[in-house]
Amino acid sequence: MIFGSSPWPEVAPTTAILDAANQAGVRIPLMCFFLGFNEGGAEVMGVARVIAPCTWPGAADPVLARIISVVRGLMGHAWPRNICRVEMTRLLLELVQENSCGTCVPCRVGTRRMLDLVGEVLLGRAADLFILEQLGRIAELVGSSSKCDLGRLAGKLVAGAISRRRREFIAHIRGNCPGTFTVDVHLGTVVV
Amino acid sequence: MSGGGKEAQAAELVRVLFDLVRKESCGECFPCALGTRQIGAALDGKGAAGALLQEIGRAMKRSSKCGVGRIGGALVLELLDRYPAAFKTGA
Amino acid sequence: MAFPLTIDGFKVEVPEGTTILEAAARIGIKIPTLCYLKDIGHDVGACRICVVEVEGESEFKTACNTPAAPGMVVRTNTPAVREARRVTLEMILANHPMECPTCVRNGNCELQNLAAAFNIREVRFPRTRPQYPIDDSAVAVIRDPNKCILCRRCVTVCQQVQTVSAIEFKKVDGEPVVLPILQVPLGETNCVQCGQCILVCPVGAIYERDETGKVWAALADPEKHVVVQTAPATHVTIGEAFGLPPGTDITGKMVAALRRLGFDAVFDTNFTADLTIMEEGSELLERIKKGGVLPQFTSCSPGWIKFIEHFYPELLPHVSSCKSPQQMLGPLAKTFYAQKRGIDPKDVFVVSIMPCTAKKFEAARPEMNASGYRDVDVVLTSRELARMIREAGLDFANLPDEDYDEPMGIGTGAGQIFGATGGVMEAALRTAYELATGKTLEKIDFEEVRGMNGVKAATVPMNGINVKVLVAHGLGNARALMEKVKAGELKDYHFIEIMCCPGGCIGGGGQPIPTGTAIREMRIGGCYARDRVLQYRKSHENPQIKALYAEFLGEPLGHKSHELLHTTYTARGFCPKI
Amino acid sequence: MAKLKLTIDGQAVEVEEGMSILKAAALVGVKIPTLCYLEDINEVGACRICVVEVEGKEDFVTACNTPVEDGMVVRTNTPALRASRRTTLELILSDHPMECLTCVRNGNCELQALAAQLNVRAVRVSGATHADLPRDDSTSGIVRDPRKCIVCQRCINVCANVQTVGAIELQGQGFEAFVGPPANLKLADTRCVQCGQCALVCPTAAIVEKDDTDKVWAALLDPAKHVVVQTAPATRVTIGDMFGLPPGTPVTGKMVAALRRLGFDAVFDTDFAADLTIMEEGSELIERLTKGGVLPQFTSCSPGWIKFIEHFYPEFLPHVSTCKSPQQMFGAVAKTYYAQKKGIDPENVFVVSIMPCTAKKFEAERPEMNAASRYWNNPRIARDVDVVLTSRELGRMLKQAGIDFPNLPEEEYDEPLGLSTGAAAIFGATGGVMEAALRTAYELVTGKTLEQIDFQAVRGLDGIKEAVVPMNGINVKVMVGHGLRNARQIMEKLKAGELKDYHFIEIMCCPGGCIGGGGQPIPTDTVVRQSRIEGIYRVDAAMKYRKSHENPAIKQLYAEFLEKPLGHKSHALLHTQYTPRN
């Protein structure tokens, strides 16, 4: 199987796909959720407008190309429905921060602030739902005002996640994760 | 009496004197109103120390509107001179 | 008697009574000050920033309130003086919230300017004051005691100039603090919301309630038909926020700016000022004819109305029953205008641009719903409008001049001078004379009621009666007149104009900061200059007013007028909520 | 050029192709707020404050660097835009130290002003900051405080493109991105020439001059010290900026009065030393011309330029005049001739310079700038110039002392180092040193009186200017460049052997010359520079003497002390040598 431009790494049979992807230098899970692969047809259409792999103008960008190729590689593969969306959001933001050129304010500071806020949500440290408003507000900005497609993509994906998966964010804020795995404990246990 | 006891006594004396000034301060002019509180904080080990306190003392002594602040300032300078250790408690 | 003294080695000759501060200014030395404010006579020497060395004195002297003396040798910039000033300022800064970028006074703050001038790069002291809650209990005036530096200008203006004494300086739990009397929230005191305290506050410790958010929201709401009215005094003051000289007539630019902000119709409160004259003039003539309560008091100034309700409720029958121009335009917009344009009145949203914080209180009075809805939805002060214009990035000074919209866009010169003390009286006299005598008034400038004198008087013969009038501005002067009315000394007077704020509305509490005596005079000049150049200068000649009566109201003091344009007052007494 | 029609906030406007939305909006009275934007220098769209809505585009675009298109429908002030701008600003403020009241740019800070303009009343986001980034005060002239940096990149672009030095770059990625020298070097370890153009364009206080005012206050206090001050040519038309006077207003007399009120014992003029420079440098040129020295000769007044050539073109150092800059000539003369004349122990003479320039701080600290010490053979005389203050620092001292600058009387400089000519005044503008040199060289070489003394060809803001002046049968060819990008172009031509027939080249480090120096009041932009240049030539036109060699105080100095240009004492005190740097 081709994973982006590089072949699958050799891994032990029980290795989680997440770990395998990580070894290949790619964070996977975020995209499957964000692209709505498990969300049913309507959702796929809805999000595909934002990041249709073939038409996305940012495909020339090496980072986006990598993300897109990951997505392509996963097309057709089943993915657990009950994966933790909040953790995915965090992974996405981590990836964006690692790759942000740091030139424009929304992407440089905004994605970092979102990353911190999502971290608070995951750790159950958010005091109340105001944090979601904050996240939404920054996501809106990053999605509409960033200089390049990387930031815009991240902002839109996070904004989408918050509005569509609000219930799951709220569950985290109240101290429980509705997904079958949470951050640290379950990350390695998903086997495809 | 041991040196420590003397210093503790001095610290107590400084505190009592300063509480008096603080209570007397009408709060109307800034050097006295703010200065007494800064010195208070220093005595509680939470504020400025050393040369900074001297600056406050000088400002109080010469800039204050009435005698309370002026005496307060003079007192700080005097006490800093005689019992410097009293101001170091906890600082 | 002039005498010489020496300041920083320079000889200077000054007359007796000159302070060291003024003497130094003569030779190009601006001794720094912070609490001093000459215009309101505030020279308590609290901040001690203006200390100087005087030869032969061991203590520093405060330059703001120490008179120069013959042969005095003063040094303003010695190391000891610099150190003392610096320590004082640093201790102030230690207690001051470091939140300049988000402070309403950012860029217009005396403490910020002083800190810049003093070159302070570090605050070496800890905070010593406790944290206080923000008091936003009052409709218009909000206090943040954490930013207060205890200069006590607000106390002086409230106690000495306005004689309201809603706030005081005292020690609470050993901490000096400025707070409302009886330590209750400001909204529960006799504060008249005049906002003079805001004008004198050097920092952001007292400020108007910012309601620009509500207006932005209404402008963005496609359902709403948002109309705006601009008070007479704003015509000559908004420019100051954009660097134009005080008193510059910016009417056309203001209209252009409001249109660019997205208002659906731009009306002029000057129009309803003319309407007020029609109603209030008719009321006066009726009182004189039918033996009503005299003298009649004007009712345009909401701070004054709240003042008389608190302090002289027994004199309320003297007050004209006419609403203020702002509150006349509100209901007309939601009845007359809505009807004419075929708009559902519930969708009409009325915004006022006012020189005044008390107007926010006035608009919120429960009885101000004559149209069946809140007559005026949001009141913005001049400062808030300037902020909106700035945020929208409008290049105000270079905007083209545009005209107001029909049918409430024409104001006469008489309406324009409502902005200055004496203006309502002059406008009323211009119209009352012609209505009462049927003759044309030749000399329409009533110079004797103009200007910054605290109380002004005039006598105007009309049809054999010598109409005697008085004009006062600033509540201290109002109080003096009220005491005379109470003592029965003003029985032969017919009409008294009272404006809450010194100088009238051009000196209102919502106006651009700074607002000092010199600036007030320039703005007054601006009002009369605009009066002189307008086509119509008498309220009853305003063609739109004639049309309004013909199409809608019928006649002054008629049935509809009573319903929409007149009101009642509430005796409140001293500190009503306690 | 083609005209395009578009609509901005409902108003139709017709503009030329290629114009940005920002400039088009200004034509209809809409000033779209900006932060990182700096015309022609920084149009990178980093801050995203100037975002606008364009009909048909889903995302916002930045007005500063998006060209207009025909039929475009632009909205600049929608609720979404206001929210976006405000949130962006909150993000910036969430990583900016909240210490306005103790900040050197308080009251002159673009971030502070923008926060006021956008009505930001709370910073509702918080989190990690760059508060732990260390201050870099390794250089003599420039201090960097990366905590206050908002990563607008203006400094990067002015350094790389206007000055072609490239000492600072964008480092790191994502939130960790910051501006600084590469490889975590200290600024002093880079090829930074300390011109301070970065400090002029910084919207906040992330790059500022090193503040030396405390040293001056201390010296003024010290009764043992005889504190003299010299004022650079360019300062007399710029200090007024800090007190609300229009740019370019000549304030010479007020500046003298102000300095006296600060307590300086003698107020002298760098212009005097500028006349001296012309005598020495002109004589050097004539000598090179007649004796076949290295030509073209380059001027040496601008310390940023000197450091530049030392770093980038060390092989051409023999072209540079050996004359010290006027500031350093003044210091050496003050501690020798003046001290001797007044009978003051030179150890106690303390020389303060008021300079338009941050690089002058570096120049004064160069190890070789201790001629007086060598002259008297006294190691306790440390430096020829003890402290250099920029125009901004002087402005701050005056404000601190409460001096009502605009209302001061006009006063005269002290004797004997206070007398100067119009030729010296124009040292402040690009082309001025050349013009001053030509006025004197012509008369010295030909022995005739120069009738037309205004050399218009070398004036103005064109990057490179040239002139040919016939003198005794030789056509003297001169060239003038300002801004280091232009200097680099000239050097490349020299390298290629294209300037063999040129005789004299003036280079100023900063665009516009010293009136645009890195120590000047902020803002300093092209319009301000132009006004200051006009001010300088007004000062020149009003002077009694307009040729350096006619300055009676200079004649007296040669008669009483130096004897003759390029003489023995001149060489010891007024000439120097240069150091090739990597």
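## Chain contacts

Chains C and D share the most contacts of the 3 pairs of chains in contact, where contact means heavy atoms within 4.5 Å. Chain A does not touch chain B, and the nearest C-alpha atoms of these two chains are 31 Å apart. Chain A does not touch chain C either, with 17 Å between their nearest C-alpha atoms.

## Basis of the values

This is a predicted model, in which local features need pLDDT of at least 70 and side-chain atom pairs count only at pLDDT 80 or more, while totals for chains, interfaces and linings use all residues. Residues are numbered from 1 along each chain as its sequence is written, chains are lettered from A and ligands numbered from 1 in the order in which they are written, and side-chain values use heavy atoms, with hydrogens and water left out.

## Chain C

Chain C has 18 helices and 17 strands; these are DSSP runs numbered from the N terminus, helices being H or I of at least four residues and strands E of at least two. The radius of gyration of chain C is 25 Å, close to the 25 Å that the globule rule gives for 578 residues, so chain C is as compact as a globular protein of that length. The radius is taken over C-alpha atoms, and the rule is 2.2 Å times the number of residues to the power 0.38. Along the principal axes, the C-alpha atoms of chain C fill a box of roughly 75 × 55 × 50 Å.

Of its 578 residues, 65% count as buried (buried is under 20% relative accessible area, exposed over 50%, partly exposed in between, with a 1.4 Å probe and protein chains only). Among contacts in chain C between residues at least 6 apart in sequence, 73% join residues at least 24 apart.

## Cysteines

Over all chains, a search of the whole structure finds 0 disulfides, a disulfide being a pair of cysteine sulfur atoms within 2.5 Å. B:Cys66 is in no disulfide, and its nearest cysteine sulfur, that of B:Cys26, is 5.7 Å away. B:Cys66 is partly exposed, at a relative accessible area of 37%.

The sulfur of D:Cys195 lies 4.5 Å from the closest cysteine sulfur, in D:Cys509, which is too far for a bond. D:Cys195 is buried, with a relative accessible area of 9%.

## D:Gln153

D:Gln153 is found in the loop of chain D between strand 6 (142-144) and helix 4 (154-162). This residue counts as buried at 10% relative accessibility. Leaving aside neighbours within four places in sequence, D:Gln153 is in contact with A:Thr103, D:Asn42, D:Val44 and D:Ala46.
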